[in-house]
Amino acid sequence: MGRVYNFSAGPAVLPEEVLKEAQDEMMDYRGTGMSVMEMSHRSKTYDAIIKEAEADLRELMNIPDNYKVLFLQGGASQQFAMIPMNLMKNKVADYIVTGQWAKKAYQEASIYGKANKIASSEDETFSYIPDCSDLPISEDADYVYICENNTIYGTKFKTLPNTKGKLLVSDVSSCFLSEPVDVTKYGVIYGGVQKNIGPAGVVIVIIREDLITEDVLPGTPTMLKYKTHSDNDSMYNTPPAYGIYICGKVFKWIKKMGGLSAMKEHNEAKAKILYDFLDESKLFKGTVRKEDRSLMNVPFVTGSDELDAKFVKEAKEAGLENLKGHRSVGGMRASIYNAMPVEGVKALVEFMKKFEAENTK
């Protein structure tokens, strides 16, 4: 069995050349006689790996000097607590709830202070992004929180909300490095890497320096203070060393591909192939309002649970893996992250055409 086209939402497809490089270095990383998996994180060799990864990420995203880059653990879900613990000085925060993960972040923040749900698209199963041009932003809000790309529902903020001068915090787990981004518009921009950047186990937090202080909520554990990790260059304890090494390789791959504007073009071209087919198909239809469609996650349905299940099964037999939708919504979902080649999307559409011909009268 060769490589399949892997449409998983995360852990997800990685660039083949990155996997091959890791394979070549598995037993002996650059003459050290050991694998990066076995290496002390305090060694000179590893120090160079993590520093270079950070430098490449800074270059890719054009991260200003007054922002810190932290490589942490605990996934995006741990940030749901870390953010209020570190930033909720007035004990008030505004949340825009556009999916499962924003909802979980909002619920978590409610433990630490007053979390206000100032907009939501739950009324239509999160199939759109609410208008965020004039929201009831709380006067004393410490920050406004969004999940920028909604993996489960396939929606994406095309315009950032008007926060009326308040700090913006954004979870970009499933659109990380998929297009150029202006980091200065955010106080905190963070994401788990297991969708677009690397293996599960690393979360990257890009945070403005003035937000990193000792002034955190009482009872905040040492490990959950941004200052702990910032003061120690993500080396307070053993970092997810191997995961960071793979992320570093992916940053180099993106640079080689032409950076984030080239990635955006590549991603738009791929998504267009799939969305164009969905818009003209008689059997399949997309579930998201057109102007809010994600470039990364494309949910679709046939309208019949039975046919959906048949589609997923036959697609798997054809080497198209992980197309089943999230258990909370059903249907299908194709995640077409940076590393998904255009051939994969074309193969999917060809299969969908064939399936439609065989299953419509």
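The model is predicted, so local features need pLDDT of at least 70 and side-chain atom pairs count only at pLDDT 80 or more, while totals for chains, interfaces and linings use all residues. Residues are numbered from 1 along each chain as its sequence is written, and side-chain values use heavy atoms, with hydrogens and water left out.

Let us begin with two helices; helices (H or I, at least four residues) and strands (E, at least two) are DSSP runs numbered from the N terminus. The axes of α2 (residues 44–61) and α6 (residues 241–257) come within 9 Å and cross at roughly 40 degrees. Axes here are lines fitted to C-alpha atoms, for helices over the stretch in contact, with angles from 0 to 180 degrees between N-to-C directions. This makes α2 oblique to α6: angles under 35 degrees count as roughly parallel, over 145 as roughly antiparallel, 65 to 115 as roughly perpendicular and the rest as oblique. Residues in contact (heavy atoms within 4.5 Å) include Tyr46 and Leu60 of α2 and Ile244 and Phe251 of α6.

Now turn to the strands, which pair if DSSP finds at least two bridges between them. An open sheet of three runs in the order β11-β12-β14, with antiparallel pairing. Its edge strands, β11 (285–286) and β14 (332–335), each pair on one side only. In β12, Phe300 stands opposite Gly286.

Phe300 also has a ring partner. Its ring centre and that of Phe284 are 5.8 Å apart, with planes at 80 degrees, so the pair is edge-to-face (centres within 6.5 Å; planes under 30 degrees apart are stacked, over 60 edge-to-face, the rest tilted).

Methods
Phe/Tyr/Trp six-rings, centres within 6.5 Å; stacked < 30°, edge-to-face > 60°.
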